[in-house]
Amino acid sequence: MTSKPDGTLRPGEAAFLTAAIQAARRGLREGGIPIGAALAHNGRVLGTGYNRRVQLGSPIRHGETDCLENVGRLPASVYAASTMATTLSPCDMCTGAILLYKIPRVIIGENRTFIGAEELLRSRGVQVVIVDDPTCAEMMTEFIAAQPALWNEDIGMAD
Ligand SMILES: [Zn+2]
């Protein structure tokens with residue numbers, strides 16, 4: 001099943017994805033899974049995060065959740081006017097966090113290697129933009145080929 005793009009990037013939003021990609025690369029250098037995220041508000045990146053399951057031995061530090069944790073507590077009104085950029089289609093857990101905080105717009109670097117709960121996001125009124133960025137896809141393709149067991153663990157699949 002492939003998902004077709006249902007939106008395009010607005011001016012300035014490419015920088016949000018770039019910040020997420022940089023975070024993902026940091027994770028890769030640390031021996032982690034190369035998935036990164038950035039939270040932006042009023043055209044500015046508030047903070048970034050990256051998957052740190054390996055680094056921290058954490059079951060919940062995905063790119064998006066690590067990003068939310070790094071940014072820290074925000075008023076509901078800020079989340080409600082924010083955009084989350086993530087290098088990979090968000091999993092069920094991260095989708096839940098996006099819905100909980102009512103983040104209205106999600107920019108997804110790629111969904112070729114994994115399709116998360118995009119339909120759930122859309123069904124709850126979240127704008128989903130699939131960029132289909134080759135850099136993001138290449139990063140995950142290479143990682144999955146090199147570390148299949150680690151990847152399956154990340155998405156809750158049997159090894
Ligand atoms: Zn996730």
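Author: Let's start with a pair of strands: β1 and β2 run antiparallel and are joined by 6 bridges. Here strands are DSSP runs of E with at least two residues, helices are runs of H or I with at least four, and both are numbered from the N terminus. Two strands count as paired if DSSP finds at least two bridges between them.

Residue numbers start from 1 along each chain as its sequence is written. The model is predicted, so local features need pLDDT of at least 70 and side-chain atom pairs count only at pLDDT 80 or more, while totals for chains, interfaces and linings use all residues.

Now zoom out to the sheet. It is open, has 5 strands in the order β2-β1-β3-β4-β5, and its pairing is mixed. At the edges stand β2 (44-50) and β5 (127-130), each with a single partner strand, so one side of each has no neighbour in the sheet. From one strand to the next, the twist averages 20° (axes are lines fitted to C-alpha atoms, for helices over the stretch in contact, and angles run from 0 to 180 degrees between N-to-C directions).

Back at the loop between β1 and β2, you'll find Asn-42. Asn-42 isn't a glycine, yet its phi is positive, about 50°. With 9 C-beta neighbours inside 10 Å, Asn-42 counts as exposed. The cut-offs: buried is 20 or more other C-beta atoms within 10 Å of a residue's own, exposed is 12 or fewer, and partly exposed is in between, with C-beta atoms placed from the backbone. Lys-102, in the loop between α5 and β4, is another non-glycine with a positive phi, about 55°. Lys-102 is partly exposed, as 15 other C-beta atoms lie within 10 Å.

Ala-38 also takes us inside. Along with Phe-16, Ala-20 and Ala-85, Ala-38 is among the residues with the most contacts inside the largest nonpolar core, which has 33 residues. A nonpolar core here is a set of buried Ala, Val, Leu, Ile, Met, Phe, Trp, Tyr and Cys residues joined through C-beta atoms within 7 Å. At least two core residues come from each of α1 (14-29), β1 (36-41), α3 (63-71), β3 (82-88), α5 (92-100), β4 (105-110) and α7 (134-146). The largest share, 7 residues, is from α1.

In α3, the buried residues are Gly-63, Glu-64, Thr-65, Asp-66, Cys-67 and Leu-68, and what covers them includes β1 and β2. After α3 comes Gly-72, with a positive phi near 90°. In α7, the buried residues are Cys-136, Met-139, Met-140 and Phe-143. They span an arc of only 90° around the axis, which puts them on the same side of α7; the arc is that of the directions from the helix axis to the C-beta atoms. They pack against α1, β3, β4 and α8 (148-154), while Pro-134, Glu-142 and Ala-145 are exposed on the other side of α7.

Conventions
Two residues are in contact if their C-beta atoms, placed from the backbone, lie within 7 Å.
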